[in-house]
Amino acid sequence: MNLKELWQTVLGEVELTISKANFITWFKNTKVHSKKDGLVTVSAPNGFTKEWLENKYNKLILKILRNNYPDIKEIKFIINSKEPLNINKIKKESTLKPIGDQLNFQEFTLNKETNLNPKYTFDNFIVGSFNELAQAAGMAITKHIGTLYNPLFIYGGVGLGKTHLLQAIGNTLNEKYSSKKVKYISSDKFGSELIDALSKKGMDAFKRKYHRIDALIIDDIQFIAGKEKTQEEFFHIFNNLYQKNKQIIISSDRPPQSISTLEERLRSRFQGGMIADVGFPDLETRMAILKSKAKEKKIKISEDVLNYIATHIQKNIRELEGALNRIIAFSQINNTIPDIKTTLKILPQIINSPKKITNYKNIFKIVSDFYDIKINDLIDRSRKKELVRPRQITMYLIRNELNSSYPFIGEKLGGRDHTTVMYACQKINKEIENNESLQHEINLIKERLYN
C-alpha cells in the first residue's frame, strides 16, 4: 500500500458522505504527505483549506482511515508548499491503476454553461420497473422538447437516481439541440442566486437570465417550500417559460400534493404536467446496477459477491456504489479480488450497521420538520386540515415504530383520548393500502428517522 492508494481509499468514501460541491471545494489538490508510527499527515493546497479540513472533516477522515487501517491512530494537516504536481505524470500513473478512474474528480468536467456533468447519460442509466415511467417520459422529452410533457415532475426518495436521470435528459437536450440554452440547477442554488440578485439590486439581470433558457431543470424543488419570495419569483419564471413552450423539468423527494407550505398556484402548475415516481429498485435491477458500475470501473467481481451486496442493500443506489467502491479499494490495495468471506469483513459497517433507535420525541421532530410545522401544532387542538394529517401520521408512527399503547400516545399528544389515537392509526393503516402517495410520505419520514 502506497500513500496515493491510502488517500484514494479515503476519497472514495468521503465522496459518498458529503455533497459534490463540498467534495470538490475541500478535497481538490489534497493528498497524504506521509504515514509514520500511526500518524498520517495530509497536505492541503492552502491555509484556508487546511483549517477547514481540521475543523470540519477531521473526525470523518480519521474514522475512515481507522476502519480500513487499524494501525492509524492520529491525523494532522499541513500546507503543501511544494511545486505543482506534474499533470502528465498523474495522467500516466492513472492509466496504470484502475482505481484512479473512479476517483479522478469527474465533477471538474461540469459544463459551465449548463451545470451538467457529462458522465450522467441515458446509456449508463439502469432502467427497471421502479423507474421506467420516469425514464420513458425523460426520453420522450428529448424528442419533443417543450410540447409533450411540460412540466415533467419526477419524485422519489434519496439515492434512487433522480439527479442522474435529470442530468441525462439535460445532456441529451444539450447535445441534440445545440442552439437551445439548457440549464440545470438545484433549488438551493436558485435561492442563493435570487438572494444575491436582491442584495445587489440585480433582479432585472436575474430575470433576463432565466427567461432566455429553453430547458430549465430544477433539482430538489421541495426546498423552496416556505420561502415566499423564492416561490414568487420561481412562479413568474415558470409562467414565462411555460407560455413560450420552453421545457421545465423538476425533481422532488415527494409529489406536489405532499410538499407542505408550497403555494397552491405552484402546486397546481406542477400537477398540470406529467408526474412520474422513482421507487426502490428490485433485486434484478440492483444486480444490473452493480455489474454496470463494475464494468465502468474495469474490475471483475464474482456474481456471489455482487449478489450479496444487492441482497443486503435494497433502498439506496448510492449505498450500493459505496459498497462496491470499498471492494474496489480493497482489491487495488491487496492486489486480489475478495470472495464472500472477505467481503463480510470489508463491509461490516455498511451491511450490518444496526438500525438507529428512535423515540416519540424524535418522531415529533421529524414529522414536524417534514411538514414544515411546529411541534406544538401536533399537540394542540386545532382541526386545520394541514395539521390533522401530520398529527395522525405521528400517532401511527409512534404506534408502529415504538409499539406504544394508545393511552400513552394520547397522553403525549396533548392528553387525547385513546379512542382518538386508535381511530387515527386505523385510518392511516387503511389509507396506506391504496394510497401510494401516502406510502411514499411515510417511507420518507422513516428514512429520516433512521438515517
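This is a short walk through the structure, from the whole chain down to single residues.

The model is predicted: local features need pLDDT of at least 70, side-chain atom pairs count only at pLDDT 80 or more, and totals for chains, interfaces and linings use all residues. Residues are numbered from 1 along each chain as its sequence is written, and side-chain values use heavy atoms, with hydrogens and water left out.

Start with the whole protein. It contains 22 helices and eight strands. Helices (H or I, at least four residues) and strands (E, at least two) are DSSP runs, numbered from the N terminus. The radius of gyration is 24 Å, close to the 22 Å that the globule rule gives for 451 residues, so the protein is as compact as a globular protein of that length. That radius is taken over C-alpha atoms, and the globule rule is 2.2 Å times the number of residues to the power 0.38. Along the principal axes, the C-alpha trace spans about 65 × 60 × 45 Å.

Now look at the cover. Of the 451 residues, 48% count as buried. Buried means under 20% relative accessible area, exposed means over 50%, and partly exposed lies in between (1.4 Å probe, protein chains only). The accessible surface comes to about 23200 Å², and 50% of it belongs to carbon and sulfur atoms. Such areas come from the Shrake-Rupley method with a 1.4 Å probe; for residues, only the protein chains shown count as cover.

Contacts tell how the chain folds back. A contact means heavy atoms within 4.5 Å. Among contacts between residues at least 6 apart in sequence, 72% join residues at least 24 apart. Charges come next. There are 71 positive and 51 negative side chains, and the centres of the two sets lie 3 Å apart. Lys and Arg count as positive, Asp and Glu as negative, while His and the chain ends are not counted. The place of a charge is NZ of Lys, CZ of Arg, CG of Asp or CD of Glu.

Go to helix α1, residues 3-14. Its 12 residues should span 16 Å at 1.5 Å a residue, and its end C-alpha atoms are 17 Å apart, which agrees. The expected span is 1.5 Å times one less than the number of residues. How many residues of α1 are buried? The count is 10 of 12, so α1 is mostly covered. Among them are W7, L11 and V14.

Strand β2 (residues 39-44) holds S43. S43 is buried, with a relative accessible area of 0%. Leaving aside neighbours within four places in sequence, S43 is in contact with N29, T30, K31, H33, I78 and N80.

Helix α6 (132-143) has 12 residues and reaches 17 Å from its first C-alpha to its last, close to the expected 16 Å. Its buried residues include A134, A137 and I141. What covers them? The cover of the buried residues of α6 includes β4, α7 (162-176), β7 (247-252) and β8.

Helix α7 has 15 residues, which should span 21 Å; its end C-alpha atoms are 21 Å apart, which agrees. It is mostly covered, with 11 of its 15 residues buried. Among them are H164, L165 and L173. The cover of α7 includes α6, β4, β5 (182-186), β6 (215-219), β7 and β8.

Between α6 and β4 (152-156) runs a loop that holds L148. L148 is partly exposed, with a relative accessible area of 40%. A cis peptide bond joins N150 and P151, with omega about 0°.

M274 is in strand β8 (residues 274-278). Is M274 buried or exposed? At 17% relative accessibility, it counts as buried. Leaving aside neighbours within four places in sequence, M274 is in contact with L133, A137, Y149, P151, L152 and F153. K63 is 211 residues from M274 along the chain, and their C-alpha atoms are separated by 44 Å.

Finish with two backbone angles. N115 lies in the loop between α5 (99-102) and α6. Its phi is near 70°, a positive value in a residue other than glycine. N115 counts as partly exposed, at 27% relative accessibility. N403 lies in the loop between α19 (385-402) and α20 (406-412). N403 has a positive phi of about 55°, although it is not a glycine. At 63% relative accessibility, N403 counts as exposed.
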